[in-house]
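Subject: Structure handover

Hello,

Here is the structure for your own work. My notes follow below it.

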Amino acid sequence: MSDSIASRTLPSAVTGLVGTATVLALLYFGRDVLIPITLAFIFSFLIAPFVRALRHMGLGQATSVCTGVLVVTVTLLAIGGVIVSQVSAMGASLPQYQDTIASKIETLDKLTRGTLGDLGGPAGDLIEHFTSDGASGPQPVLQNDGSVKTPVLVEIHEPALKPFQLLGKVITSVWPPLETAGIVFVVLIFVLLEHESLRDRFIRLAGGGDLRATTIAVNDAGERLSRFFISQFLVNLATGLAIWLGLSLMGLGQALLWGTMTAVLRFIPYVGVWMAALCATVLAAAIDPGWSLALMTLGLFLAVEIIVAQTIEPKLYGHTTGLSPLSVVVSAIFWSWLWGPVGLVLSTPLTLCLVVAGRYIRALKVLEIMFGELPALTLPQNFYQRVLSGDAHEIVTSAKRYMQHKSLAEYCDGVLLPALHLAHFDLKDAAITPEEEEKVTSSIIAVIEALSGNPKWWRKRKRSTVLTGEGIGRQLRAQRISDGGEWQGSFDVPPGSVVLNIAIGSQYAELATEILVRILQEQKIDARSRNFEELDQPPPPGARKEAVAIVCLISVDPLNDCEAMSEALAKMRVRLPDAKHFALLLPSPFENPDLKTCIFSEADHVSRSYDDVLQHCQTAMKGHAS
């Protein structure tokens, strides 16, 4: 049988490798065609909302598309014109700063003990040029016969190019970018004109059998991508304006160039803005004889980037990009390797498109798991995984971080209880080893006590097993009794101040009951508990019926506990007729049982969560006190 499984697995693995290699080859060798088409589709996400706005104003489809493309063309030409003019002006002014540059490079070379001069390549040649002793012209050369000769410099002049030859060279140099730009804008126009048709074709291709679900997915993906690209464009534009204004106030030359470069390079994740910052800082160091202007320039970039990255971006689009930081870096390396500088700029948008596709297309789900920002494990799964590892400290740290915005009851409903159900499933299936049982037990006890405010939650407990033997619930109850005294506290309490919690069914229900007691006590409610078998025992000495305001019966398996729950409610209704009677049903969220058959007419209220029963207990206690 294993041989047959291996024989089926091997061809599928080979098919996957061949398919991956084929896709990579197509992306690499077809980059001359794919790059302009991809740029066109990315631009379409950016322009589509503007085109729709023009159509809502009454313009036709063709007019709206042409207007949108014209706006993009003018914007790009303006950016290019600004960069060219500013670079020309900077090139003309650089000779003025040659002495300052040479002085600072020489100072840095001395500080690094000559290591700057050892650099190879163009950087090493430039440093050697500025740090040389200033000797010019050819140096004398000693010959074998002892004579000294000075080389003669020879200049070779090529004949002047004819007008057509010069024009041919210019066309040759500018034709590739012009060709790419032309393809981009032609494809962009047709994509915008055929926007609805392309969407319908994609819906038919991706899921023609379920038009409603596929339409919702496609519309959601398109809106997400458009919203992200527009937000990123506006953030980068605002960052560039801030840099321009700041550098202008500091008196740095070509401030408009650095503001423009910041806005453009910021599309490159993580490193783009610092490329502009480095160039601007070098220019500031060349202009100013001291170092104050360079430090102020670097400080400006640092301050603006921190403000934008930590305050503006999280509020505008924050983590809704759906990409993890590591995936952004990896995608930048991958796409720059495939498509060069253009791939580096497009890495984040392309990866975002793949993650969004993985969110809605089952075959591409692996992309969302690998590159998406959503955790690979849900919070309950993460809790259970940490419990199996015996890492209570990390669980407590995560829980406290969660409860900065949520209550303990909400944490128990959303994380702790589902994780306990996962543990219960593995226990029933005997999928947990004795060593793992011990880790699970000690970790769960430590976590519950830590969340209950026990400052010594890390202390060791005696060995036991998960939900078997004595049980975690009884261990926690015994510890609470030892901390609070016999009968879980004094009976000399005001009337209607006690909430009595009773577990129905298994020892797992005892654990759920103990959690509820601690949730109520955290809200300063005098909560106590009894086990189901203790109901037939006489009440503790000194206990008074009027002290109990609420009786809450808890079940984690309501379908099997219906009869026991009804019997207990009827019994407690007779014994404590003046108290309110609640039923808390906590079935597994992974099974979705049908609880319509469980009708508890004896209960005053039936809750399905800790948070709900807590709110009703607080309301009932207030009414009782008044």
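The second largest pocket holds about 1800 Å³ of space. A pocket here is an open set of points on a 1 Å grid over the protein atoms alone, where a 1.4 Å probe fits, with protein on both sides within 12 Å along at least five of seven lines; the volume is the space filled by probe spheres set on the points, which are joined across faces, edges and corners. Its lining (residues with an atom within 4 Å of a point) counts 47 residues, and F43, L76, I79, V264 and F267 are the closest to the centre. Two or more lining residues come from each of α2 (31-56), α3 (61-93), α6 (163-193), α8 (211-250), α9 (255-265) and α12 (325-360). With 10 residues, α3 gives the most. Helices are DSSP runs of H or I, at least four residues, numbered from the N terminus.

This is a predicted model: local features need pLDDT of at least 70 and side-chain atom pairs 80 or more, while totals for chains, interfaces and linings use all residues. Residues are numbered from 1 along each chain, and side-chain values use heavy atoms, without hydrogens and water. Mean pLDDT (the predictor's confidence in each residue, 0 to 100) is 77, with 76% of residues at 70 or more. Over residues 460-469 pLDDT stays under 50; the model has 27 contacts (heavy atoms within 4.5 Å) for them beyond four places in sequence.

Helix α16 covers residues 408-428. After α16 comes A430, with a positive phi near 60°.

Regards

Key: The expected span of a helix is 1.5 Å times one less than its number of residues.
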